[in-house]
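These are my notebook entries on a structure that I examined one site at a time. Each entry records what I looked up and what I found.

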Amino acid sequence: MDKLIIRGGNRLSGTIPISGAKNAALTLIPCALLTEEAVTLRNLPRLADIDGFQHLMTQFGVSHTIPGKRPEEFGRNVTLEAMRITSSVAPYDLVRKMRASILVLGPLLARTGEATVSLPGGCAIGNRPIDLHLKALEAFGAQIELAQGYVRAMAPDGGMPGGEFDFPVVSVGATENALMAAVLCSGTSRLINAAREPEIVDLCNLLVAMGAEIEGIGTSELTIHGVRKLHGATYRVMPDRIEAGSYACAAAITGGEVRLEGADAHDMGSTLHALRNIGVEVESDKHGVNVAANGTLKAHNLTTAPFPGLATDMQAQLMSLLTRAEGTSVLKETIFENRFMHVPELTRMGANIETTGRTAVVRGPVELTGAEVMATDLRASMSLVIAGLAAQGETTVRRLYHLDRGYERLEEKLQLVGADIERVGDD
Ligand code: UD1
C-alpha cells in the first residue's frame, strides 16, 4: 500500500486549483436515475468514491461515457443515461464500501416504484443511522420494510403522493434522498428543518435544470411540486469547499500564501471566518480565495454545526492549525459522536490536546515533530498531512485510501505550492 512522505517546514506559496465537490457529486450522480434522458455532469472530481458510485450506477442499467479523456487536467465530464432501469437492487458488496450509496434509494423508488438497498452499516466517525431517510420517504407515501440487512421501499400503485416531513435533526443525506424522491411524486411535498448546505443547493439546481419545481432553495424549508417526468441536463459540479478549506489550513500552518483557484468564498463562510479569527488574512474574488499567514496564529474557540455553521468536515484540519496557535482553543463537535480520532496521532506529533466527550482543548503553540501516523477517516487523514507540513523532520502518512476517496491528486496539488511531499509504494 502507498504512503505519503512529508518533510515539513516549507512555506507554501502559489496557486492550487480546487476540484469539483465530492459530496455534491455523490448526490448529483444518482439524479441520473430520475430520467430516461442523458445527464452530463461537468467538473466531477477524479476520486475513488466517484468511480465507486459510477460503478454502482451500472448495477441499475445506467450507462456512462466519459467524453474526451484529458489526463493532464483535474476533473472530468461524465454523461449518465438511465434509459431503462434494469435492476432496483443495490447489493451489500457495493454499498458497504461507500455509505453514500444510500442516496440511490429515493431516486430509484421515485422512478420505478420500488428500491432495495443494503443498509450501509457503521462507519469510523459514528453510528450514522438512516432512520430519517426512511421516515421522510414514508411521509411521502412509501412503504418501508427492513429484512436481512436490506431496506425495501415500495410506492403505492400510481406512485407516491408526496407529503410533509419535519426533520428532528438536520441531515444532509436524508434531505438529499427526500428531495430526489419528492420531485417525481404526484402531489406537493414540504421539507421542514431541511439541510441547507451548499451541496443541497447544488442538488436543487440540477433538479430544477431537469424540470423539477422547487421553492425555498437555500433555506431550511423546501416545497417541491411533483412533476410527471424529468428531462436530461448538463450541469457543472460546484467547487469543493472542504478541499479548499483544507488547503487554506495547509497554507496557514506553514505561514504561507496561497490562492485557491475556483473556490467559492460564499460557500466557505464559516471556515473563512474561523481562519480570520485565527489570524489568517483572507481575500476573495469571483474566481477564487487568497489566504496568507505571517507565522503568528491566535487561539480560537470553534463549534461545528449544520450550514451556515462550521462544517464538521473542517474540524480536524482546523484542529491541526490550532496546535500552532498562541493560547488555548476549545473545539466542540456537535454533529458526529466519534470524530476526534486524529487526536492521538496529532499528540504523537507533539500536539497538546485533551478531549472530554465531544470537546477538545488545544493548547499552543507547540513544535510539531514528524512521525509515522495513520488515520481512520478522510478528514482526519488530511489533518495529519497538514500537521506534517509544519512538523520538523519527516512524517509518514499511511492508509492513503482515505485521502484518495476525497482529495483529487493531493500530493501534486501540494507540490505545486512548494510542499516537500511524495507518494511512495510500501516496502
Ligand atoms: C454528509 C456528508 C459528510 C458530512 C455530513 C455533515 C456526504 C456524502 N457526506 O454526511 O461529509 O460530514 O453530511 O455535514 O455528503 N442522522 C440521523 N438519522 C439519519 C441521518 C442522520 O440521526 O437518518 C444524524 C447523524 O447521525 C448525524 C447528523 O444526523 O449526527 C448529521 O448527519 P448527516 O447530515 O445525515 O450526514 P451525512 O449525510 O451522512
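**Entry 1: Glu 37**

I began with a polar contact: a polar atom of the Glu 37 side chain lies 3.0 Å from the backbone nitrogen of Gly 232. I note at the outset that the model is predicted. I then located Glu 37 in the loop between α1 (22-28) and β3 (38-44).

I turned next to the interior. In soluble globular proteins, nonpolar side chains tend to be buried together. Here I found that the largest nonpolar core has 80 residues, and that Leu 34, Phe 60, Leu 179 and Leu 191 have the most contacts inside it. Helix α6 (residues 172-182) supplies the largest share of this core, 6 residues. Another core, of 70 residues, lies apart from it and includes Leu 4, Val 282, Leu 331 and Leu 368.

I then listed the surroundings of Leu 34. Neighbours within four places in sequence aside, Leu 34 is in contact with Pro 107, Ala 110, Arg 111, Met 180, Val 183, Leu 184, Leu 207, Met 210 and Leu 230.

**Entry 2: Helix α5**

Which residues of helix α5 (residues 131-139) are buried? I noted Leu 132, His 133, Leu 134, Ala 136 and Leu 137. The cover over the buried residues of α5 includes the helices α4 (105-112) and α6, together with the strands β8 (143-147), β9 (150-154) and β10 (164-166). Following α5, I found Gly 141 with a positive phi, near 110°.

**Entry 3: Cavity**

Rolling a probe the size of a water molecule over the atoms shows where empty space is left. I found 1 cavity of 30 Å³ or more in the structure, and the largest cavity has a volume of about 40 Å³. Its lining consists of Arg 241, Ile 242, Asp 267, Met 268, Ser 270, Thr 271, Ala 311 and Met 314. The elements that give two or more residues to this lining are α8 (241-253) and α9 (269-278). By class, I recorded 4 nonpolar, 2 polar and 2 charged residues in the lining.

Note on methods. Residues are numbered from 1 along each chain as its sequence is written. Side-chain values use heavy atoms; hydrogens and water are left out. Helices (H or I, at least four residues) and strands (E, at least two) are DSSP runs, numbered from the N terminus. A polar contact is a pair of N or O atoms within 3.5 Å; within protein, one must be able to donate a hydrogen and the other to accept it, and residues adjacent in sequence count only if both atoms are side-chain atoms. On a 1 Å grid over the protein atoms alone, a cavity is a set of points where a 1.4 Å probe fits but cannot get out, and a pocket is an open set with protein on both sides within 12 Å along at least five of seven lines; lining residues have an atom within 4 Å of a point. Grid points are joined across faces, edges and corners, and a volume is the space filled by probe spheres set on the points. Ala, Val, Leu, Ile, Met, Phe, Trp, Tyr, Cys and Pro count as nonpolar, Asp, Glu, Lys and Arg as charged, and the others, Gly among them, as polar. A nonpolar core is a set of buried Ala, Val, Leu, Ile, Met, Phe, Trp, Tyr and Cys residues joined through side-chain atoms within 4.5 Å. Buried means under 20% relative accessible area, exposed over 50%, partly exposed in between (1.4 Å probe, protein chains only). Contact means heavy atoms within 4.5 Å.
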